[in-house]
Amino acid sequence: MLTGKVVRFDAGLKYGFIRPDNPRELPAGAGPDVFVHESGVAGEWIQAGDVVRFEVVPGRDGKFKSVNVRLIDDAADAPVKANGT
């Protein structure tokens, strides 16, 4: 899965864009920002500024889109230290 930041999400139009942390991980032909529709969001609602994990797949129109978009919970996603904290 990729990580990135939601750069825009219009709740009224139900779509937006995610900018990946590492654009080199995107498939060839994908732009710098990846489209996301509300149907690709798993779990909580997203908004601009949110840090997320997501997958990129080709859409029906041949353009790439984000799916399985999930908010990154800093506490749950933080690395565990050697002493278990």
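Backbone and pocket

Analyst: Asn-68 lies in strand β5 (residues 64–71), strands (E, at least two residues) and helices (H or I, at least four) being DSSP runs numbered from the N terminus. This is a predicted model, where local features need pLDDT of at least 70, side-chain atom pairs count only at pLDDT 80 or more, and totals for chains, interfaces and linings use all residues. Residues are numbered from 1 along each chain as its sequence is written, and side-chain values use heavy atoms, without hydrogens and water.

User: What is the phi of Asn-68?

Analyst: Most residues other than glycine have a negative phi. Asn-68 is not a glycine, yet its phi is positive, near 50°.

User: Where does Lys-14 lie?

Analyst: Lys-14 is also not a glycine and has a positive phi of about 65°. Its place is the loop between β1 (2–10) and β2 (15–20).

User: Is Lys-14 buried, exposed or partly exposed?

Analyst: Buried means under 20% relative accessible area and exposed over 50%, with partly exposed in between (1.4 Å probe, protein chains only). The relative accessible area of Lys-14 is 36%, so Lys-14 is partly exposed.

User: Which strand gives the most to the lining of the largest pocket?

Analyst: β3 (34–37) and β5 each supply at least two lining residues. The most, four residues, come from β5.
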